[in-house]
Amino acid sequence: MTFAQPSFALGKKIAITGKNLLNVEQMFIKGKKVVSYAVRGDDNMSFDIPEGIGPGVYRLAMVLIDGTELTWPVPFEITAPYTE
């Protein structure tokens with residue numbers, strides 16, 4: 001699984017690519033469940049950042065359809081939205 005980019009701004013979708021992504025039953029960022037998916041396919045997904053998550057460096061936690069829990073070791077960053 002890889003992230004489309006190393007960081008995502010608040011309000012933007014997180015995009016990932018990989019294999020067998022439909023085996024992922026649930027995803028969490030800092031204990032908050034991802035509930036809104038724009039794309040959910042076996043080789044790519046994009047989803048909204050859960051409410052209550054602010055800027056920082058995080059890892060995705062996942063629950064697979066067989067009940068296995070794991071945390072993806074590659075971190076990604078959520079940044080504040082750009083304002084002038």
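Predicted model: local features only at pLDDT ≥ 70, side-chain atom pairs only at ≥ 80, totals over all residues.

In what order do the elements of the chain run from the N terminus on? They run β-β-β-β-β-β-β-β-β-β-β.

Residues are numbered from 1 along each chain as its sequence is written, and side-chain values use heavy atoms, with hydrogens and water left out.

**The whole chain**

Display the C-alpha trace first. Along its principal axes the trace spans about 45 × 20 × 20 Å. The radius of gyration of the chain is 12 Å, which agrees with the value near 12 Å for a compact globule of 84 residues; the radius is taken over C-alpha atoms, and the globule rule is 2.2 Å times the number of residues to the power 0.38. Of the 84 residues, 26% count as buried (buried means under 20% relative accessible area, exposed over 50%, partly exposed in between, with a 1.4 Å probe and protein chains only).

Select residues 24-29 and 60-64 next. These are strand 4 and strand 9, which run antiparallel and are joined by five bridges; two strands pair if DSSP finds at least two bridges between them. V24 has L64 of strand 9 as its bridge partner.

Strands 9 and 10 form a hairpin with four residues between them, and G67 in the turn has a positive phi of about 95 degrees.

Turn to the open sheet of three strands, ordered 2-11-8 with mixed pairing. Strand 2 (7-9) and strand 8 (56-58) stand at the edges with a single partner strand each, so one side of each is left without a neighbour in the sheet. Neighbouring strands are turned by 25 degrees against each other on average, direction ignored; axes are lines fitted to C-alpha atoms, for helices over the stretch in contact, and angles run from 0 to 180 degrees between N-to-C directions.

Strand 2 runs parallel to strand 11 (residues 76-79), and three bridges join them. Select F8 to find I78 of strand 11 opposite.

**Aromatic side chains**

Which residues do ring pairs link into a cluster? They are F3, F8, Y58 and F76. The structure holds five aromatic pairs (rings of Phe, Tyr and Trp, the last by its six-membered ring, with centres within 6.5 Å; planes under 30 degrees apart count as stacked, over 60 as edge-to-face and the rest as tilted). One of them is the tilted pair of Y58 and F76, at 6.4 Å centre to centre and 45 degrees between the planes. Y58 lies in strand 8 and F76 in strand 11, so the pair ties together parts 18 residues apart in sequence. Y58 is buried at 12% relative accessible area, and F76 is buried at 1%.

**Charged side chains**

Finally, select D48 and K13, whose side chains meet in a salt bridge at 2.5 Å, N to O (a side-chain nitrogen of Lys or Arg within 4 Å of a carboxyl oxygen of Asp or Glu). D48 is partly exposed at 25% relative accessibility, as is K13 at 38%.

How values were computed: Helix = DSSP H or I, 4+ residues; strand = E, 2+ residues; numbered from the N terminus.
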